[in-house]
Amino acid sequence: MKKYTGPVIDAHVHLVEVLGRGFGPHGDCFNLGNGRIRWADGFEQQIFEEGLERMTPEDCLQILDENNIESAVLMQGGLLGLNNEYSVNAMKKYPGRYYAMGSFDPYANQAEKIMHRLIDELGVIGLKFEISCMYGVCGYHDDFRINSDRMQKVYQYLSEKDLPVSFDMCSFGEYCLQVDECAEIAAKYPNLKIIQEHLFMPNSLERIPDMVKALEILKPFENVWFSTACIPLNMHEFDYPYPKTAKAVAAAAEVVGHKRLIWGTDLPQGLNGSTYAMTRDYLEDSGTFSAEELADVMYNNAKKFYKL
């Protein structure tokens, strides 16, 4: 019998109008079909499970409904291309089911104008910046730092509007990992809510101590929260209920507390090798959290952080 049967919010989902609009260090990409892409430098990659080439609002709703998910927070990223208006249109078409985060290249000449349009006209609920070397800003602007002067107006405006910022920094040993810089931002803008996606992407048990060290740096800043999205895939773990992943999440909860953890899937690419139900249930089936803690991680924390 399930310990937790209450409402659930998936706080990390991507709608994809069509695969093949991504951009990153490999250049632009081309849709080869069956969930596979080829980047401009010739590098080929399987992004989705075979046969999947898009994730429409209706496709996603079917998955959410089948798994008793109340709503989803829609993210943007370079791998899949920015789908800002596509996500906003879904939010407007299905109110209460979708909540869209926006994104843009901070190096764009019209970056500030884009930011104001996303927030003031389109009504996104916050901004996400994919910083990773593989798919994010650092992949094509290797001097990018999240505490740079070009980002200060972003944080100032988000603070004024009481909207959050999401960072996807990728993993350890890469220059895109900017934990100290995140701490600096959190201290400078105490009213700015920050969420670090993927728990810094630990990809093995050996990386959990590195994750813990990063969390210890950010622990003093209560405005910094953490998403558990896509960790089973990042851990290359396919044996349910993902004991290595559960150990990483439990270690994170021990450092920052379960009330600063937010569950998500990274649908659709985050499901490669797993079912949606497996990614929904592993935190319970692994015994990581109590029923009360699950209610927070799976629902209450996202509700509070994103003001849903």
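Colleague: What relative accessible area does Tyr155 have?
Modeller: This is a predicted model, where local features need pLDDT of at least 70 and side-chain atom pairs count only at pLDDT 80 or more, while totals for chains, interfaces and linings use all residues. Residues are numbered from 1 along each chain as its sequence is written, and side-chain values use heavy atoms, leaving out hydrogens and water. Buried means under 20% relative accessible area, exposed over 50% and partly exposed in between, with a 1.4 Å probe and protein chains only. Tyr155 counts as buried, because its value is 0%.

Colleague: How many aromatic pairs are there?
Modeller: Rings of Phe, Tyr and Trp (its six-membered ring) pair if their centres lie within 6.5 Å; planes under 30 degrees apart are stacked, over 60 edge-to-face, the rest tilted. By that rule, the count is 14.

Colleague: And how are the rings of Tyr155 and Phe167 arranged?
Modeller: Their centres are 6.2 Å apart. Their planes stand at 90°, so the pair is edge-to-face.

Colleague: Which strand holds Phe167?
Modeller: Helices (H or I, at least four residues) and strands (E, at least two) are DSSP runs, numbered from the N terminus. Tyr155 is in helix H4 (residues 149-161), and 12 residues away Phe167 is in strand S9.
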